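Hi,

Here is the structure I promised to pass on to you. Have a look at it first, and then read my notes below.

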Amino acid sequence: MAQRRFGPTLGAGVVIIEKAAAQLIDPAPLGVTLYVAPVEKGDPTKLVSTFSKRDFYLKCGNLLAGYPGADCANDF
């Protein structure tokens, strides 16, 4: 793979150059998203894991007006 130069010079002789990788990066999970907000149902002292919008609605109930947490979960 040929070296490529990215962007303008960052300072006196400082540039970013891409080189061929010695090894590939192993794929990993993208992470965890956490929302803290009141919901319609469920135990307020327990964490709830959901894996889809349908799962969220089944475990937490409908959205509550005036609180952005459930809307964030819905939009995510």
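Let's start with Asp55, which counts as buried because its relative accessibility is 18% (buried means under 20% relative accessible area, exposed over 50% and partly exposed in between, with a 1.4 Å probe and protein chains only). You'll find Asp55 in helix H1. Helices (H or I, at least four residues) and strands (E, at least two) are DSSP runs, numbered from the N terminus. If you leave aside neighbours within four places in sequence, Asp55 is in contact with Ser49 and Thr50, where contact means heavy atoms within 4.5 Å.

Before you go further, a word on where this comes from: it is a predicted model, so local features need pLDDT of at least 70 and side-chain atom pairs count only at pLDDT 80 or more, while totals for chains, interfaces and linings use all residues. Residues are numbered from 1 along each chain as its sequence is written, and side-chain values use heavy atoms, with hydrogens and water left out.

How confident is the predictor? The score to look at is pLDDT, the predictor's confidence in each residue, from 0 to 100. The protein has a mean pLDDT of 75, with 78% of its residues at 70 or more.

Now the overall layout. The protein has two helices and two strands, and along the sequence they follow the pattern β-β-α-α. Of its 76 residues, 9% count as buried. The accessible surface comes to about 6,900 Å², and carbon and sulfur atoms hold 60% of that (areas are from the Shrake-Rupley method with a 1.4 Å probe; for residues, only the protein chains shown count as cover). If you take the contacts with a separation of 6 or more, 21% of them join residues 24 or more positions apart.

Back to Asp55, then. Lys59 and Asp55 are four residues apart in helix H1, so about one helical turn separates them. Lys59 itself counts as partly exposed, because its relative accessibility is 36%.

Helix H1 also ends the story of another residue, Cys60, which lies in that helix. Is Cys60 buried or exposed? Cys60 is buried, with a relative accessible area of 7%. Not counting residues up to four places away in sequence, Cys60 touches Val39, Glu40, Lys41 and Val48. Gly42 is 18 residues from Cys60 in sequence, and their C-alpha atoms are 5.8 Å apart in space.

Next, the aromatic rings. Rings of Phe, Tyr and Trp (its six-membered ring) pair if their centres lie within 6.5 Å; planes under 30 degrees apart count as stacked, over 60 as edge-to-face and the rest as tilted. The count here is one aromatic pair. The pair is Phe56 with Tyr57: their ring centres are 5.7 Å apart and their planes stand at 70°, so the pair is edge-to-face. Phe56 is buried at 13% relative accessible area, whereas Tyr57 counts as partly exposed at 29%.

On the surface, have a look at Leu34, Val36 and Leu47. Together they form a nonpolar patch with about 420 Å² of accessible area. Patches are made of residues with over 30% relative accessible area and no salt bridge, with like charges joined within 9 Å and nonpolar side chains (Val, Leu, Ile, Met, Phe, Trp, Tyr) within 5 Å. Val36 sits in the loop between strand S2 (14-18) and H1, and Val36 is exposed, with a relative accessible area of 75%.

Cys72 counts as partly exposed at 36% relative accessibility. Ala37 is 35 residues from Cys72 in sequence, with 9.9 Å between the two C-alpha atoms.

Happy exploring!

Conventions. A salt bridge is a side-chain nitrogen of Lys or Arg within 4 Å of a carboxyl oxygen of Asp or Glu.
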